[in-house]
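Here is a short briefing to read alongside the sequence and the 3D view. Keep the structure open and look up each residue as you go.

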Amino acid sequence: MNLTNDIEIKGLALYIPKHKAAIISDLQLGYEENLISQGVLVPFTQFEDTKERLSKDLNDLELDTIIVNGDLKHEFGRISRQEWKDVLRIIDFLSSFCKNLILVKGNHDIVLSSITKKKGVGVVDSFQLGDIFITHGHEIPEIPKGVKSIIIGHDHPAVKLRDGDVSETYKCYLKGKWKRKTLIVQPSSFLLTEGTDVLHYTLKSPFLEKGIENFEIFVVADKPFYFGKLKDLR
Amino acid sequence: MRWVEILKRETKEYSDEAILKKMNPLVGSWFTEKFKSFSPPQSHAILNIHNKESTLISAPTGSGKTLSAFLSILSELITLSEKGKLEDRVYCVYISPLKALNNDIEKNLKEPLEELEKLAGKDLGVRVAVRTGDTSQYERSKMLKKPPHILITTPESLSLILVAPKFRELLRGVDWAVIDEIHSLAPNKRGVHLSLSLERLQNISGRFTRIGLSATVSPLDEVAKYLVGLEDGKQRPCNIVDSGFIKKLDLKVTCPVESIIDATQQDLHEGLYTKLDKLISEHKTTLIFTNTRSATERVVHHLKQNFPKKYIENIGAHHSSLSKTHRHEIESKLKNGELKVVVCSTSLELGIDIGYIDLVILLGSPKSVSRALQRVGRSGHKLHDTVKGRFIVMDRDDLVECSVILKNAMEGHIDKIDIPKNCLDVLVQHIYGEAITEKQHSENLFSMIKRSYCYKDLPLEKYESVLGYLAGEYVSLEARHVYAKIWWDHETNMIGRRGKLARVLYSTNIGTIPDESFLIVKVKDQNIGSLDESFLERIKKGDIFVLGGSTYRFNFARGMTVQVSPAPGRVPTVPSWFSEMLPLSYDLAVDIQKLRRKMEELLVSGKSKREIKKFLHTHLYIDDFAANSIYEYMREQHLYAEIPHDKKMVIEFYSGFSDKKYVIFHTLYGRRVNDALSRAIAYELSKISKRGVSINLTDNGFYITSDKGKLQVLRAFKAVTPQNIRKILTEAIDSTEILKRRFRHCAGRSLMILRTYKGRKKSAGRQQVSAMILLKAVKRISDNFPILEEARREVLEDLMDIKNAENELRKLHSKKTAVKIIATDVPSPFSLNLIARGYMDVIKMEDKLEFIRRMHKAVLDRIGKYEPNK
């Protein structure tokens, strides 16, 4: 399914065929360890599941570049042993699909550079592919002239659908406008939770300050589903 | 003493002489000086216990139950002491579910001991001590040096003591275990937990005499089996002393007005308070049960408002939302006779001594005979006092229900309890506890577990799936050290503990009661109140409810926070205390159905009103007003539609206002069975019609509504069979709030969510959010993950009643119960309560009353106004 002429939904990844690039966001590696340290003994499968999911989404694509749009890891500040291990493995894993791996800095990635230096992978504040601008979304950087579309992550959009007392939450893409440019909010590739329910919660990104009532919702299930505008879903 | 059957109804009553002959002379003289003679439970039980035979004593409060257990024990201990043979170890473990009760008992044991010592003129050296979560470290070390001979504790603390390395050694020769209030433990997971602790205790101390003390409960045989457990697969023997009904009962069902259906809300309100005031004034101290917290507050408020000079300092409210200090204050004031009336929800039902009460009023049905007896039994505490209770009913279904309850209470028919079986989460705690104590063979452990009545049929594969869970086998080897609590060597089949923190983890996290589960209700960021967690099981987006006097609209919930918006002037669609309401017991429901059938037979055979009322008087022990209302109620349903009963289920198709279609199932089986049936049918229906279906249920039935088109309800109904309902329900509850909540409770019990970890405690809200994540992760591993299976079992068997749902389906499918389908354009009288959302707050009835009276008038227009001369 196409979000714009140039941008396609491929599961949890966005694909830009013109530039042979794929974008994923908010992997949040190491979250499990955080839960466990709080006494919630969630079974340790995040890394394997994430790899499996990423393979599924990226395998059939012709790729030169993969961009990870922020929050590759979970912890603020210090890096835990598990995160270190997982980040290195993910970098290797993603590099096997492409020639260039770009990491865009997110708000959880403060000490990322110490890991990535080891692998020789750079960390940037934002990245541009033609007229498509990619940034994490926790702050608004300077947007160059000529940008027509902006892709952000950060808010982990999801939508909770209820029928009586049965409810299911699904990851979703949001598409709307910011200063007359197309703005796309990408769901997280973090598999333990779906994300923040856009129907009932306010999203945090400064790009979304004016609200998202007119944004369109694309639910990600086994394939993408168009659900119309947010305000109509209420 | 020998017995032929394994469970012996002990009918032999021993003479005072025979008993005293076997008692220590000091104890004998003390007893005869203090009491006149032995009470019935005492004359039946004391010598059995003296002969080391396990015994279950069922008797009302004030009948000398406790002494039946302790007289022989004290006698033996004093004899040993006199011979200089009393050792420094625990001889008797006394277990009670209430911490407060433990303190009462210590007084009731310490007092006799003091009196005995006075009589003997010397120190007898028999030590009694309490050990619970509140016992200080100092007291605990004191206990190690000078162990109590009689140890008083709670079920949870017992399982902790079993793991304490030093104290455990003092339990090696226990001779008696007394389990008090066993009727309140057996039907839930706390009782399951206790049953395993008792087997673990027996494993280290050898056989001991088990004494169970119970209020009136049914079936006694099953509770006895639960008490003693099995040996080598065979039921252990137990005596049953059944003194359940020795007290005189003075019970009445009354109504504040002559005809419920004709009265206005004003009439009922005034009538109620006039009646309450009258009854209260005629007695010294009255206890009123209202079933819900909000009704408690309102009754107190209105009594004070309507009679400002009479009820000022001498009235009190008591329920679980009030502070501990407030409750203790009310309890001691009651005990000291300073209060004229106390109004409570259900909180004063259990054992604590609250002094002299001469009248119990029940506002609204208590929903089971045992509950009714428990409540009225709070009056007239001493053995020969009369138990006095008055039921005040405000609607016709309540009237019928309470009348049948009264009949069953007078005739000694109590509703049966269900003892939960094969609970995997409780099993986790005990296997862990055993592994912590010492490494052992998994087969030996399995045999020990199967000695508990609750696990006698535990399949090996379920046991092993729990072992696998505890051993962390659901994750890879490298990750295992994080999750595994035990190691399990598959070759030698030995198991043992893992991790240095095992004992700490165990001690701070065991127990079966889930953490305080109050929801915080908010309008945006503002806190407006709290609700019981189970509120979420029934509420839908858009439902309107009342809290603290204002109406709100439910929007959504996250963790333990509920987001709502003010909805002033809107009509409530769900009572906020819905889930506080107790479910009607299935046995009682069946009895009400039988009454309905009898009434139908009488009406069909053309008996006159006089004759039918005569039947009602004698059959139900009710007065003229009540008989009148019941007669009219049944007659209306009979003439206008059909009376549903135990041999005939009625499905009523009713077209309501503005195209709304109702299909009403008149299934008087109680809410638990109806929950199972209605969900299964709704699920099948949504598969057929491919759209969501709305179900509403009560104790008396359930209905399905749809705004669009014809419902394929009958097809869905036929699709649910006794063979497939379990499978259907398992699918139907997936992704529901109920399953998510129960999963959290089970995950907590199974130590998958540790509420205390590394010294920090986690709130219920955080636990709930974590539980969601856990549930998703667990589902990905296996649909049969033991904790998930247990959550499902709990929902289907403990929360709902799938067993009796299957029974009813069997009767329907074998045509033992007929099915009659009718169509109405005004709801039949029995349907009115169902459609008006069932549970009526005793006090607030405006909209519902209006609606019902309007409908009722329409019904009467059809069948003709009632002729008084007929």
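In what order do the three strands of the open sheet in chain B stand? The order is β17-β19-β18, and the pairing is antiparallel. Bear in mind that this is a predicted model.

**The three-strand sheet in chain B**

- β17 (440-441) and β18 (486-489) of chain B are the edge strands. Each has a single partner strand, so one side of each has no neighbour in the sheet.
- Strand β19 of chain B covers residues 494-497 and runs antiparallel to β17(B). Two bridges join this pair.
- B:His441 is placed opposite B:Met494, which belongs to β19(B).

**Where chain B meets chain A**

- On the chain B side, 37 residues are in contact with 27 residues of chain A.
- Interface size is often stated as the accessible area that is lost when the parts come together.
- Here the area buried between chain B and chain A is about 2,800 Å². Carbon and sulfur atoms give 54% of it.
- Which residues of chain B lose the most area to chain A? They are B:Tyr483, B:Phe556 and B:Ile773, together 21% of what that side buries.

**Polar and charged links between the chains**

- Two salt bridges are counted between chain B and chain A.
- B:Arg780 forms a salt bridge with A:Asp49. Their closest N and O atoms are 2.9 Å apart.
- Six residue pairs are in polar contact between the two chains.
- Four elements of chain B, α20 (480-483), β23 (550-558), α28 (737-749) and α29 (764-781), each supply at least two residues to the side that touches chain A.
- The largest share of that side comes from α29(B), with eight residues.
- By type, the side of chain B that touches chain A has 18 nonpolar, five polar and 14 charged residues.

**Two backbone details**

- Most residues other than glycine have a negative phi, and most peptide bonds are trans.
- The peptide bond between B:Ser218 and B:Pro219 is cis, with omega about -5 degrees. B:Pro219 sits in the loop between β7 (209-214) and α11 (220-228) of chain B.
- A:Gln28 has a positive phi, near 50 degrees, and is not a glycine. This residue lies in the loop between β3 (21-24) and α1 (31-37) of chain A.

Terms used:
Residues are numbered from 1 along each chain as its sequence is written. Chains are lettered from A and ligands numbered from 1 in the order in which they are written. This is a predicted model: local features need pLDDT of at least 70, side-chain atom pairs count only at pLDDT 80 or more; totals for chains, interfaces and linings use all residues. Side-chain values use heavy atoms; hydrogens and water are left out. Two strands pair if DSSP finds at least two bridges between them. Contact means heavy atoms within 4.5 Å. Buried area is the accessible area (1.4 Å probe) that two parts lose on being put together, summed over both. A salt bridge is a side-chain nitrogen of Lys or Arg within 4 Å of a carboxyl oxygen of Asp or Glu. A polar contact is a pair of N or O atoms within 3.5 Å; within protein, one must be able to donate a hydrogen and the other to accept it, and residues adjacent in sequence count only if both atoms are side-chain atoms. Ala, Val, Leu, Ile, Met, Phe, Trp, Tyr, Cys and Pro count as nonpolar, Asp, Glu, Lys and Arg as charged, and the others, Gly among them, as polar.
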